[in-house]
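Please review the structure shown here before reading the briefing. The notes that follow begin with the whole chain and then turn to individual residues.

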Amino acid sequence: MKQYIKLFPMLALTAAVAVSCVDDEVLPFDVAKPESIAQYEYLNNYDVLKSYVDRTAHPGFHLGGAIAATDFNTKGVIYELIRTNFDEMTAGNEMKYASCVSDDGSMNFSTVTSFVETAKEAGVTIYGHTLAWHSQQNNTYLNSLIADRTIDTGPVEPVEVEVKYEDYSTYTSFPFYVMGYTPEFKDGCLVSNYPGEWYQYFVADGIPTTVGEEYKVTAYIKGSTSGSLNVQFGNWGTLLEQTLNFTDEWSEVSLNFTGCPIDNSFIVFQPGTYEGELRIQWLRVSHIDRVSGIVTNEYLYQNDFSGTDYPGGWGNNSTFEIVQGAGPDGSAAMKITNPSAVNSWEAQMAVDFDTPFEMNETYYVSYKIKGSAEGNFSAGLQVTSDYSSGGEFGAVAFNTEWKDVTLSCTCGKEGATRLIFSFGDFAGDIYIDDLAFYTQKTGNTEPLTPEEKKDTLTWAMDNWINGMMEACGGYVVAWDAVNEAISGVDADGDGYYDLQSATNGDPSTNFYWQDYLGNEDYVPIVTQAAVKHFAEHGGNAADLKLFINDYNLESWWDGNQKLKSLIHWIEVWEENGAKIDGIGTQMHVSYILNEADQKAQEDAIVNMFQLMAATGKLIKISELDMGIVENAFGTGIKTENVTYEQQLKMAEFYQFIIQKYFEIIPAAQQYGITQWCMTDSPADSGWRGGEPIGLWDLNYSRKPTYGGFANGLAGKVVVEPSATPAE
């Protein structure tokens, strides 16, 4: 069902050009004779529509019309049209969630209560439309109910992530730029001695940093005597400087550098006038995150190697496999074997992604690692089109003991889609476990659990239904409990269409209650609330009738599969405690001028009624209107282009539908038929704009479809239409 558009403008009574005796005499208007009087004046011989219902044969039948409640409340033309022709009416929009619930959750039912009072005065019943639907909901309010909760995190400890680690025991020659002095490597340490003049040297280079962030530099260091040295952090022309103090005992000494000035940094030690010997075993650089709140990892890839999947690789005849029991806790781990040492990039492992990484986003990689000997394992982001770097995590030194590693880097190039690891300069076995690649979201919120969302929205649904039932005061006894629940998609392949969902619909404009309440519990929650609150607010529980309403149930293109799916879901819902009394079929149909297509449509309508009758449920044609097309799925022909002969074809189709309903649906299951559009659609309408979908035209003159509708109710041709005049 599409959004109902107000189609009934109040006309000045002077627009009526004639008054006839055939309509109820209280009407302040009547059929205005069109130009071809001879064609249309036979319609004057029809009585009002409800007079053609045989109440003895169809004792529970309700003849309904859909209108705007605000139009009915003014007691003008629409009021009289409904009162004289119909038993019941359906409000197009005013009883829907979005019409009554504001952004803050407050509810206003003033239009509904006025509608109920006016209906009572007119002696017309109301069919409620609709208690639950995914469309025309107040998304702002509903999404606010299930938004992430705010957490009082209290004092926040800094989060430290390693971005560079230099293990000097792995070097045999100086790997950095030489600035006049070259330290040496011996006994697993970087060693420097006073050369007799002021001197300096690199201890780390190529450090992935982010401008403005805070970094911690830690060195495991000792001197031949206690002393100090100057530390430069950054890059040429943009350096931060601090003094590092050390003793003659091995110790970890740390410095914090705030406001990093550059994206790619180095570290230079300047011992200056210190005349002793310095030894450094290792140096670590960590990023310090002091943002308040909690940190949530959003994983792009995770693998604990408990299954059969593992990353691929290439180069130097290296091999990859999962080895059971090789992990740090006796679980499985991935084993990489590189048969000989080559350049680091000549043996690699990679994980590819379909979506490019985001520029300037920080990415994290973590894993556990050990080797058959000491070595290095480096990681980075790569653009596969030209194999260029999109960011570097840097190299990690490993040995024969398991080591936990967490590294970060910032994506610095568009189009990077590969996480790549290089290990070619190590010969031997490398073991990897608990590999993860992720980004981080930092804040002081966390999402509600699915159970919390269900509980909250169950309350919201109950509150809404309670308010509506209170506004109606027990007068509205029949409802579309749930509207348009079934999609046209069978994603799980069980042979039945799935429910409407954010996965097959549009969550930007709709709110899919069923995604939170659960497919099996959605309808039971709605109907149980309806039963409870109807009785609380003046209704007799035995009178309440609840329907599941949907469209395309007469679909010939899929063999009525949507109806078959709905019947299946009704069984599921009833097993879970739902009260479902009836099925509503919308039937927004078109007469198809192509005879084969029209015959297929008519056969599917017959099949629909047969399937419905077999359920034993009450059956309602809930939203009947009709356009006209050349071929199936064609564009609707506009009102001004429809010929008199085509109007008669539409009238015959109305008669066919209604007569088949009476013929196939047992009398005890015949709830009724509601005509959705009283008049043709204005050209600027959002619902079948400019199409001939009414029983009256826009001047409230009867059309041949009025005659066809009346014939269907009567079970015969009441008045023979006029012949088409000769050209």
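The points below are grouped by topic.

This is a predicted model in which local features need pLDDT of at least 70 and side-chain atom pairs count only at pLDDT 80 or more, while totals for chains, interfaces and linings use all residues. Residues are numbered from 1 along each chain as its sequence is written, and side-chain values use heavy atoms, with hydrogens and water left out.

**Overall architecture**

- The protein chain contains 13 helices and 32 strands, where helices (H or I, at least four residues) and strands (E, at least two) are DSSP runs numbered from the N terminus.
- The protein chain is more spread out than a compact globule, because its radius of gyration of 39 Å is well over the 27 Å that the globule rule gives for 727 residues. The radius is taken over C-alpha atoms, and the rule is 2.2 Å times the number of residues to the power 0.38.
- Along the principal axes, the C-alpha atoms occupy a box of roughly 125 × 50 × 50 Å.
- Of the contacts with a separation of 6 or more, 77% join residues 24 or more positions apart; contact means heavy atoms within 4.5 Å.

**Surface and charge**

- Of the 727 residues, 53% count as buried. Buried means under 20% relative accessible area, exposed over 50%, and partly exposed in between (1.4 Å probe, protein chains only).

**Buried residues and their surroundings**

- Y201 lies in strand β8 (residues 201-208) and is buried, at 0% relative accessibility.
- The side chain of Y201 makes a polar contact of 2.8 Å with the side chain of S192. A polar contact is a pair of N or O atoms within 3.5 Å; within protein, one must be able to donate a hydrogen and the other to accept it, and residues adjacent in sequence count only if both atoms are side-chain atoms.
- Beyond its neighbours within four places in sequence, Y201 has contacts that include F174, M179, I267 and L278.
- Q500 is placed in the loop between β27 (478-483) and α8 (513-517) and is buried, with a relative accessible area of 10%.
- A polar atom of the Q500 side chain lies 3.4 Å from the backbone oxygen of I486.
- T417, in the loop between β23 (403-410) and β24 (418-422), is buried at 12% relative accessibility.

**Separations across the chain**

- A714 belongs to helix α13 (residues 704-714), and its C-alpha atom is 14 Å from that of P59, 655 residues away along the chain.

**Backbone geometry**

- The peptide bond from H129 to T130 is cis, with omega near 5 degrees; T130 lies in strand β3 (residues 125-132).
- N552 is not a glycine, yet has a positive phi of about 60 degrees; N552 is partly exposed, at 28% relative accessibility.
- Y700 has a positive phi near 65 degrees and is buried, at 3% relative accessibility.
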